[in-house]
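Trainee: Could you walk me through this structure before I set anything up with it?
Mentor: Gladly; have a look at it and then ask whatever you like.

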Amino acid sequence: MAAPGGARRLLLLLLAGVVHGASAMFVVKDGNGTACIMANFSAAFRMSYETVHGSQNVSFELPPSAEVLNSSSCGGKNASDSSLVIAFGRGHSLTLTFTRNTTRYRVQLMSFIYNMSDTWTFPNASSKEVKNVSSVTDIKADIDKKYRCVSTTQVHMSNVTITLSDATIQAYLSSSSFSKGESRCKQDDPEPSPTALPPAPPSPSPSPVPAESPSVSRYNVSGDNGTCLLASMGLQLNVTYARRDNTTVTSVLNINPNETTASGNCSSLLVTLELQSKKGMVLVLWFGMNASSSRFFLQGIQLNATFPDAKEPTFRATNTSLRALEATVGHSYKCNTEEHIRVSQAFSLNVFRVWVQAFHVEGDRFGSVEECLLDGNNMLIPIAVGGALAGLVLIVLIAYLIGRKRSHAGYQTI
């Protein structure tokens with residue numbers, strides 16, 4: 001009778017999330033057979049998908065049969081961007097994209113591609129498409145140190161949550177083994193400092209429109225090959241959430257450049273700008289590039305914030321499938337009109353007087369300007385009004401001349 005009891009206990013532990021799948025080792029090597037990326041972790045996936053009978057939840061783990069694909073990369077000449085691509089199951093893959101600066105490296109982007117036609121994993125799925133979700137992460141470590149996190153780390157991607165457990169990860173290796181030194185994750189800190197949790201921002205105003213527009217600030221992100229992002233813009237957060245008293249409030253918050261720290265990373269196909277306020281808010285913008293059309297665009301936005309009067313004080317919103325602030329690579333995008341970028345049902349980003357250029361920036365100067373359609377439409381309004389007034393004046397003048405001619409005709413000599 002002991003065996004069934006042990007089985008029940010194991011099942012309860014699994015349901016409680018205490019027991020995780022076994023960790024697996026993944027290694028990426030360069031052309032000489034030298035390891036450049038090493039990772040050892042277990043991963044659990046939890047997601048929802050649509051079936052013919054409605055929404056369905058599914059959970060599964062990274063299997064022992066998962067393997068590193070040849071599309072993994074140690075990066076280019078300067079190894080500024082490298083990637084670990086892990087394939088498993090029937091057409092699924094997990095990708096960790098790394099970037100670095102002079103002192104630190106990080107998993108800049110985690111992407112998950114899943115095949116809805118896999119009936120074993122997604123029974124009765126209404127779609128048979130291959131879908132791609134991604135998110136920036138907080139996995140980072142000092143150069144020549146390994147990232148170590150025994151605790152679970154969750155990465156949220158739209159309808160998917162990936163949980164890493166007992167993780168040891170290192171990129172840009174100086175030898176084909178993990179370094180002895182390590183950078184520990186915040187979750188493993190046995191005695192978190194009082195500042196480990198961000199202080200709550202001031203209670204948001206119920207008014208959806210602040211008294212003033214946000215201040216315009218200039219941002220610059222540089223990498224091994226120079227500047228990869230130049231931006232000048234004012235940013236405003238528009239967040240809707242439920243309070244503890246079940247009322248809904250819309251909070252509009254301006255990003256104050258004087259109370260915000262800016263950082264970022266450069267890679268060949270992804271440029272990231274991260275803004276962190278003194279009150280703990282983190283806003284991440286990442287720009288992608290379509291190599292075939294040579295166009296850059298704002299691809300994703302992520303917001304992490306805290307609202308103390310909310311039912312759920314921790315607010316998080318992510319969208320990785322945007323197509324905004326778009327221009328030709330080597331040129332800059334400019335728009336004096338306020339732009340509203342919808343990230344989720346509860347969050348939108350308002351951008352004021354934006355001037356931005358991503359990837360190829362020469363001499364820290366903006367390239368040729370490509371203006372937004374909104375500015376063009378604003379120019380059409382005064383032109384249309386001026387044309388209408390000119391037409392009205394012309395009509396009045398013609399009517400006057402006709403009337404004058406008729407009056408002269410009435411006084412002809414008999």
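Trainee: What should I keep in mind about where the values come from?
Mentor: This is a predicted model, in which local features need pLDDT of at least 70 and side-chain atom pairs count only at pLDDT 80 or more, while totals for chains, interfaces and linings use all residues. Residues are numbered from 1 along each chain as its sequence is written, and side-chain values use heavy atoms, with hydrogens and water left out.

Trainee: OK, how many helices and strands are in the protein chain?
Mentor: The protein chain has two helices and 26 strands, where helices (H or I, at least four residues) and strands (E, at least two) are DSSP runs numbered from the N terminus.

Trainee: And what share of the residues is buried?
Mentor: Of the 414 residues in the protein chain, 42% are buried; buried means under 20% relative accessible area, exposed means over 50%, and partly exposed is in between, with a 1.4 Å probe and protein chains only. As for contacts (heavy atoms within 4.5 Å), 56% of those between residues at least 6 apart in sequence join residues at least 24 apart.

Trainee: Switching to cysteines, how many disulfides are there?
Mentor: The structure holds four disulfides, each defined as a pair of cysteine sulfur atoms within 2.5 Å. If the bonded cysteines of the protein chain are numbered in sequence order, the pairing reads 1-2, 3-4, 5-6, 7-8.

Trainee: What about Cys 149, where is its partner?
Mentor: Cys 149 is joined to Cys 185, with an S to S distance of 2.1 Å, and this link is right-handed, with 75° about the S-S bond. Cys 149 is in strand E10 (residues 146-149), whereas Cys 185 is in the loop between strand E13 (182-184) and strand E14 (217-223), so the pair ties together parts that are 36 residues apart in sequence. Both Cys 149 and Cys 185 are buried.

Trainee: Is the disulfide of Cys 228 and Cys 266 left-handed or right-handed?
Mentor: The disulfide of Cys 228 and Cys 266 is left-handed, because the torsion about its S-S bond is about -75°; the S to S distance is 1.9 Å. Cys 228 is buried, with a relative accessible area of 6%, and Cys 266 is buried too, at 12%.

Trainee: Now the packing: which residues touch the most other members of the largest nonpolar core?
Mentor: Leu 283, Phe 287, Ile 301 and Phe 347 do, in a core of 46 residues; a nonpolar core is a set of buried Ala, Val, Leu, Ile, Met, Phe, Trp, Tyr and Cys residues joined through side-chain atoms within 4.5 Å. The largest share of this core, eight residues, comes from E15. Apart from it lies another core, of 44 residues, which includes Cys 74 and Cys 149.

Trainee: What does Phe 287 contact beyond its neighbours in sequence?
Mentor: Leaving aside neighbours within four places in sequence, the contacts of Phe 287 include Leu 229, Leu 269, Phe 296, Phe 297 and Phe 359. Phe 297 also has the charged end of Arg 323 over its ring, 3.9 Å from the centre, the criterion being that NZ of Lys or CZ of Arg is within 6 Å of the ring centre and within 35 degrees of the ring normal.

Trainee: Last topic, how many aromatic pairs does a search of the whole structure find?
Mentor: The search finds 14 aromatic pairs, where rings of Phe, Tyr and Trp (its six-membered ring) pair if their centres lie within 6.5 Å, and planes under 30 degrees apart count as stacked, over 60 as edge-to-face and the rest as tilted. One of them is the tilted pair of Phe 45 and Phe 112, at 4.8 Å centre to centre and 35° between the planes. Phe 45 in strand E2 (residues 35-51) and Phe 112 in strand E7 (residues 104-115) are 67 residues apart, and both are buried.
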